[in-house]
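Opening the notebook on a new chain today. I'll go through the loops, helices and sheet and jot down what I look up.

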Amino acid sequence: MRKLTSHHLRPLVVGILQKNWRDYVVTFPSKEEVQSQGKNAQKILVTPWDHRVPKIRISTQQAEALQDFRVVVRIDSWESTSVYPNGHFVRVLGRIGDLEGEIATILVENSILVVPFSEAQMCEMPVNTPGNPWKVSPEEERERKDLRETHLVFSIDPKGCEDVDDALSVRTLANGSLELGVHIADVTHFVPPNSYIDIEARTRATTYYLADRRYDMLPSVLSADLCSLLGGVDRYAVSVIWELDKTSYEIKKVWYGRTIIRSAYKLFYEAAQELLDGNFHAVDDIPEFRGLDEKSRQAKLEELVWAIGKLTDIARHIRAKRDHCGALELEGVEILVQLDEKKNIHDLIPKQPLEVHETVAECMILANHWVAKKIWESFPHQALLRQHPPPHQEFFSELRECAKAKGFFIDTRSNKTLADSLDNANDPNDPIVNRLLRSMATQAMSNALYFSTGSCAEEEFHHYGLALDKYTHFTSPIRRYSDIVVHRLLMAAISKDKKMEIKDNLFSNKDLEELCRHINNRNRAAQHSQKQSTELFQCMYFKDKDPENEERCISDGVIYSIRTNGVLVFIPRFGIKGAAYLRNKDGLVISCGSDSHSEWKPGSLQRYQNKITSTTTGGESVTFHLFDHVTVRISVQASRCHSDTIRLEIISNKPYMRPDTELLHQSSLLLKSDLVKEVTRSVEEAQLAQEVKVNVIQEDYQKYCQTKGSSLYTLLEEIRDLALLDVSNSYEM
């Protein structure tokens with residue numbers, strides 16, 4: 001038995017000061033189950049969608065009418081003598097299995113309330129219409145640094161991005177030095193502290209990204225218009241501008257302040273990468289170059305190409321410094337969901353690794369780091385920072401053992417030794433190995449969290465993953481409330497330096513710590529909802545397919561963990577992680593014959609450190625090793641009361657050789673676009689076939705809660721069944 005230390009101990013509950021009941025999504029029993037409880041039963045036991053919650057006792061006469069729906073209930077009481085709590089009916093969400101009902105279930109289960117912004121909140125919003133266009137005010141023009149005529153400012157974002165938080169600039173100064181600028185939307189200009197919209201943004205805390213939609217923290221007039229740094233229009237920004245040595249790129253000095261910018265180009269990543277690589281055909285995809293004469297076009301192109309190249313050189317230098325200190329490159333699957341004008345899914349595109357991604361990311365990390373230092377220096381006991389503590393060494397044990405199976409040594413003593421070890425753990429014959437090892441390193445990490453600097457010692461501020469002593473979030477105030485708080489702190493720090501009155505009332509350490517708890521909680525809810533919505537789409541895609549005959553249901557899988565009665569498998573083609581059992585419910589074990597097909601036979605399993613062997617009573621034996629490629633059949637384990645789950649079955653101990661060899665050379669995740677397209681299409685067809693008129697999204701709901709654009713989320717799967725446990729964590733810097 002493990003010895004308990006002081007940090008394992010928890011205080012006893014001696015009383016309840018306040019009930020904290022929340023809504024739960026439940027399923028009513030089937031007609032047969034209701035009848036078994038007796039015709040005169042006054043109480044019905046309903047089953048919560050969340051496996052961890054016990055059944056809830058409801059008083060209702062509508063059990064039979066509600067048996068095909070997802071229903072919200074609320075717990076009223078829980079008697080000490082009862083196994084089950086008592087609750088009451090609140091509302092119906094939708095039919096079991098319908099897309100909108102299942103999405104609504106995910107939102108309720110994560111306590112995400114997305115209602116239209118109120119009339120009082122919308123009355124606080126600025127006006128920007130063709131008849132009454134928004135303009136820079138003379139007062140702001142006097143108080144801000146005007147960069148419109150002096151700086152080439154541009155943004156680089158995913159295609160279709162509406163909420164452009166950040167823009168960049170780089171130029172050569174008269175003294176020969178370089179000047180690097182990061183310009184962030186000045187959201188706080190439009191969102192005064194404790195206004196109706198500020199309170200709403202604080203409550204939401206973040207923009208929620210699901211697989212096929214997003215729910216904005218701020219109304220679209222801000223998030224997609226006046227706070228979005230679009231090309232060719234005047235915008236208010238908060239800027240961090242550094243003077244750099246022209247050769248070493250070392251920072252000489254830094255300036256913080258409010259600015260007015262006019263972005264010259266709204267670039268997307270792929271076009272910027274093409275220009276960086278010297279492929280100037282990408283100019284045809286950049287609207288700002290259309291209609292220019294050849295001379296102007298050439299001059300502007302040379303200016304832009306120089307700027308992108310110089311930014312990339314600077315970013316390489318910044319990254320090299322962080323690498324030297326132990327910055328980690330961790331594995332996560334990031335994809336972009338493209339929606340059409342009607343909010344339907346147009347495509348799902350995996351984020352391809354491009355150097356311009358690193359360029360933009362490094363500039364944002366630099367800005368976050370320097371703003372963190374600034375607000376901490378000015379307000380050492382009430383600054384909002386982001387900490388990432390070092391992981392517990394025991395969490396790395398599986399990573400070390402798995403790497404050892406491939407002949408690699410992973411040194412986890414520090415972030416520097418871990419980063420170097422992961423860089424060296426490359427199998428030239430199988431690039432998936434390094435991806436999986438980095439994924440395991442990610443799973444071992446603690447989550448990064450917001451905190452108030454008055455609540456812990458300075459040595460605890462360190463960000464392990466980024467290898468920085470101080471870090472915060474400053475660069476995305478459109479979608480994160482934490483960044484709004486940081487913007488106000490930065491403005492107060494600037495006022496303090498100028499010995500001016502601080503306009504905003506800043507949070508005390510106690511209030512800020514409470515706010516950080518709320519934001520951290522909402523971030524976890526956002527991560528869970530992203531993951532659950534992805535799993536929903538995966539299941540909807542495979543649910544109507546015959547796993548025995550449908551080619552898409554057969555795929556190559558890689559074993560990445562050994563368990564007592566099976567293995568964990570990663571499916572690169574669909575980004576799925578899941579359990580594949582080697583012993584079934586009847587106690588039979590898997591057997592793979594000479595024809596490479598499997599069947600279930602009586603026998604036993606023998607688990608070793610890096611392999612597991614299945615031996616039948618007839619003497620047949622098959623061994624599965626870590627990182628073996630196997631052929632897997634994908635199906636759906638349907639559940640009436642809970643979410644459906646993906647079921648993986650090993651049908652051959654050999655890699656799957658797809659007959660269409662051309663597809664093998666595509667990105668393993670590219671076929672996810674087909675997955676989401678087909679799910680959307682099948683839902684529409686089912687609705688038409690049933691002649692059901694579904695008003696999915698109301699006009700005001702579209703306008704204020706859900707906007708088209710990119711969606712970013714992490715695909716990680718926790719397997720919580722029997723001995724097959726995958727302790728995956730959502731990880732965000």
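I began with A205, which sits in the loop between α6 (196-204) and β10 (208-209). This is a predicted model, so I'm reading computed values throughout. Phi of A205 comes out near 70 degrees, a positive value in a residue other than glycine. I looked that up because most residues other than glycine have a negative phi. Buried or exposed, then, is A205? It counts as buried, at 2% relative accessibility.

A467 went on the list too, with a positive phi of about 55 degrees although it is not a glycine. I found A467 in the loop between β18 and α14. Its relative accessibility is 8%, so A467 counts as buried.

**Whole chain**

The protein chain holds 18 helices and 30 strands. Of its 733 residues, 53% are buried. The accessible surface comes to about 35,200 Å², and carbon and sulfur atoms own 50% of that. I also checked contacts between residues at least 6 apart in sequence: 69% of them join residues at least 24 apart.

**The seven-stranded sheet**

In what order do the seven strands of the open sheet run? I get β6-β13-β12-β9-β8-β7-β14, with mixed pairing. β6 (145-146) and β14 (265-268) are at the edges with a single partner strand each, so one side of each has no neighbour in the sheet.

I then zoomed in on β12 (residues 234-244) and β13 (residues 251-262), which run antiparallel and are joined by 11 bridges. One pairing I noted down: V238 has R258 in β13 as its bridge partner. Helix α14 (residues 481-497) packs on this sheet and touches β9 (178-185), β12 and β13. The direction of α14 makes about 115 degrees with that of β13.

**β17 and β18**

Two antiparallel strands here: β17 pairs with β18 (residues 449-452) through four bridges. Within β17 (residues 384-387), L384 and R386 point one way, L385 and Q387 the other, and all are buried. Which residue of β18 is the bridge partner of R386? I find Y450.

Y450 turned up again when I checked N523, which touches T206 and Y450, leaving out residues up to four places away in sequence. N523 belongs to helix α15 (residues 509-543). The relative accessible area of N523 is 14%, and the cut-off for buried is under 20%, so N523 is buried.

**Helix packing**

For packed helices I want two numbers, the angle between the axes and the distance between the axes. Helix α8 (residues 269-276) and helix α10 (residues 355-378) give about 105 degrees, with their axes 8 Å apart. The band from 65 to 115 degrees counts as roughly perpendicular, so that is the label for α8 and α10. On the α8 side I listed Y269, A272, Q273 and L276, and on the α10 side E355, V356, H357 and V360. By type, the residues of this contact split into five nonpolar, two polar and one charged.

Last entry is α12 (residues 415-424). Its buried residues are N415, T417, L418, A419, S421 and L422. I checked what these pack against and found α9 (294-325), α11 (397-405) and α13 (432-444).

Terms used: Residues numbered from 1 in each chain as written. Predicted model: local features only at pLDDT ≥ 70, side-chain atom pairs only at ≥ 80, totals over all residues. Heavy atoms only, no water. Pairing = 2+ DSSP bridges. Contact = heavy atoms within 4.5 Å. Axes fitted to C-alpha atoms, helices over the stretch in contact; angles between N-to-C directions. Buried < 20%, exposed > 50% of the residue type's maximum accessible area, 1.4 Å probe, protein only. Areas by Shrake-Rupley, 256 points an atom, 1.4 Å probe, with all protein chains shown as cover. Parallel < 35°, antiparallel > 145°, perpendicular 65-115°, else oblique. Nonpolar A, V, L, I, M, F, W, Y, C, P; charged D, E, K, R; others polar.
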